[in-house]
Amino acid sequence: MKSTSLSLIAGVVALAAVTGFAALTAPGDEGTAEAGSAARLPVERSSLLCPAPSMSDLAETTYSSFTPAGEDGGEAGAAELEPADPLPADEDAPADKDAADKDAADKDADKKKAAASKPVISLKDLGKPGTAETAKSDAPALVGTATGKFAPGWTAQQTTTTAAGGARGLLGVSCTAPDTDFWFPGASTGASRQDYVHLTNPDDTAAVADIELYGADGPLKSDVGEGITVPARSSVPMLISTLTSEAAENVTVHVTTRTGRVGAVVSAAEDEVGSDWLTASADPAGTQVLPGIPADATSVRLVAFAPGEDDADVKIQLLGKNAAFSPAGNATLHIKSRMTASVDLKDVTRGEPGSLRLSPADGSTTPVVAALRVVRGTGAKQEIAFIPATGAVGERASVADNRAKGSVLSLTAPGATAKVKVTASAGSEGGEATVKTYTVKGGTTLEVTPEAPAGLKGGYALTVETESGGPVHAARTLTIPEGGVDMFTVQTLPDDGGTVEVPAAEQDLSVLDD
């Protein structure tokens with residue numbers, strides 16, 4: 001056997017840092033991974049996709065990009081978000097076109113291409129958000145990549161305020177990473193809803209996606225949801241109600257890709273209620289946590305789905321300010337296989353903040369996905385938001401675009417009591433970061449108004465880090481009064497995936513001779 005260089009180890013470590021997965025094997029082991037202790041290393045590359053914000057002429061959108069401060073010494077790198085839709089290649093000029101005119105046209109096309117590829121937002125500093133704004137009704141989707149020191153924990157927020165019209169509301173979304181499988185319980189094909197699935201392709205080759213719809217009685221018949229082509233570096237919005245002839249109030253949307261990968265998110269607008277983004281539920285699991293139900297919620301609807309072959313029975317518990325309890329008359333929910341189930345929990349929080357926990361009932365361990373439709377206000381002053389089931393904060397999670405007023409952080413510990421550190425970053429235009437520590441009692445939800453950065457100018461980001469105890473799930477509610485309506489949006493804070501586990505080799509691969 002010839003000598004094997006240490007570059008093999010370095011290559012595996014780099015692969016893990018970029019892709020989030022690597023296995024190290026010694027020659028002759030036929031793919032068996034070494035059982036050495038694992039190390040965690042910062043990722044070296046992250047990708048995010050932001051959907052096209054709004055078609056309303058009254059919409060104003062703010063983008064905020066942020067990477068938490070980390071250990072010094074990483075590669076310089078960059079973090080940029082740029083338009084997803086490139087200009088099409090220019091057609092050849094007619095043969096009889098004057099050369100001077102052709103040159104002028106070429107230069108004009110080059111300028112347009114340069115403008116289209118110019119980043120909308122480019123992050124300059126760790127621990128300090130970068131921001132940008134647009135009032136264009138035809139603003140495109142954005143694709144972005146962070147490398148080097150900007151990659152670990154990179155997050156971006158898109159927040160759109162639409163003051164009037166059918167899409168009135170505050171629409172907030174944490175830009176998503178590309179993937180191949182998404183579940184969206186809580187969508188609708190009903191007459192009062194206009195829901196779009198936005199598919200964004202960050203890559204240089206086309207992706208092909210399928211969209212499946214499930215109502216209360218099972219799959220909704222659709223002849224146009226299969227084989228949807230999403231061109232390279234482009235975004236395709238699909239009106240859900242045009243994918244089927246069946247009207248259903250509560251629908252679960254399943255997006256998968258045959259080839260390539262996409263970012264997927266649902267925009268939902270409900271007549272006389274409001275609008276917001278619905279992001280994907282956490283992957284199917286027996287237990288799900290949906291954090292951050294506002295204390296003054298006037299209507300809360302749970303929508304759940306069991307994607308497997310077995311029915312699911314789940315216990316519903318509200319993790320309140322002081323204890324966990326089951327809502328009266330809604331202690332459990334039976335979810336038939338591949339059928340969307342829903343239950344109206346009304347004003348379940350009754351003036352106190354809360355979070356919902358779904359857990360197996362009667363021995364059932366069937367995985368489920370879930371989301372909440374949440375309404376605040378009454379009559380003409382209603383506004384809507386969605387809270388999907390989400391993973392725990394884990395080691396660290398961040399959310400960008402917090403304002404001097406209007407941000408509320410919900411922390412819930414579904415198991416053991418936990419301690420977390422919350423950092424309010426430096427402001428985008430000035431101010432110094434502040435840090436506070438909170439203890440979250442097991443089985444409860446703690447709602448806090450973050451301490452804004454000292455001398456804040458502009459917006460800031462919040463970073464939550466678990467210090468001890470059980471898992472913590474978190475959500476940020478942003479409220480902006482507009483025309484007498486408390487417009488609001490809720491973003492969950494799952495682990496940012498800023499580090500990846502890399503297996504260490506027990507065998508010295510630098511000297512393996514014949």
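Select C50 and C175: the link between them is right-handed, with 105 degrees about the S-S bond. Their sulfur atoms lie 2.0 Å apart and form a disulfide, a term that covers cysteine sulfur pairs within 2.5 Å. C50 belongs to strand β2 (residues 45–50) and C175 to the loop between β9 (169–174) and β10 (181–187), so the pair ties together parts 125 residues apart in sequence. Strands here are DSSP runs of E with at least two residues, numbered from the N terminus. A search of the whole structure finds one disulfide.

Keep the two cysteines selected and show the surface. Both C50 and C175 are buried, meaning under 20% relative accessible area with a 1.4 Å probe, protein chains only.

This is a predicted model, in which local features need pLDDT of at least 70, side-chain atom pairs count only at pLDDT 80 or more, and totals for chains, interfaces and linings use all residues. Residues are numbered from 1 along each chain as its sequence is written, and side-chain values use heavy atoms, with hydrogens and water left out.

Next, select the open sheet of four strands, ordered β33-β29-β36-β37 with antiparallel pairing; strands pair if DSSP finds at least two bridges between them. At the edges stand β33 (444–448) and β37 (485–492), each with a single partner strand, so one side of each has no neighbour in the sheet. From one strand to the next the twist averages 20 degrees, with axes fitted as lines to C-alpha atoms and angles running from 0 to 180 degrees between N-to-C directions.

Finally, zoom in on β29 (residues 407–413), which is joined to β33 by five bridges and runs antiparallel to that strand. Pick S410: its bridge partner in β33 is E447.

Note on methods:
Buried < 20%, exposed > 50% of the residue type's maximum accessible area, 1.4 Å probe, protein only.
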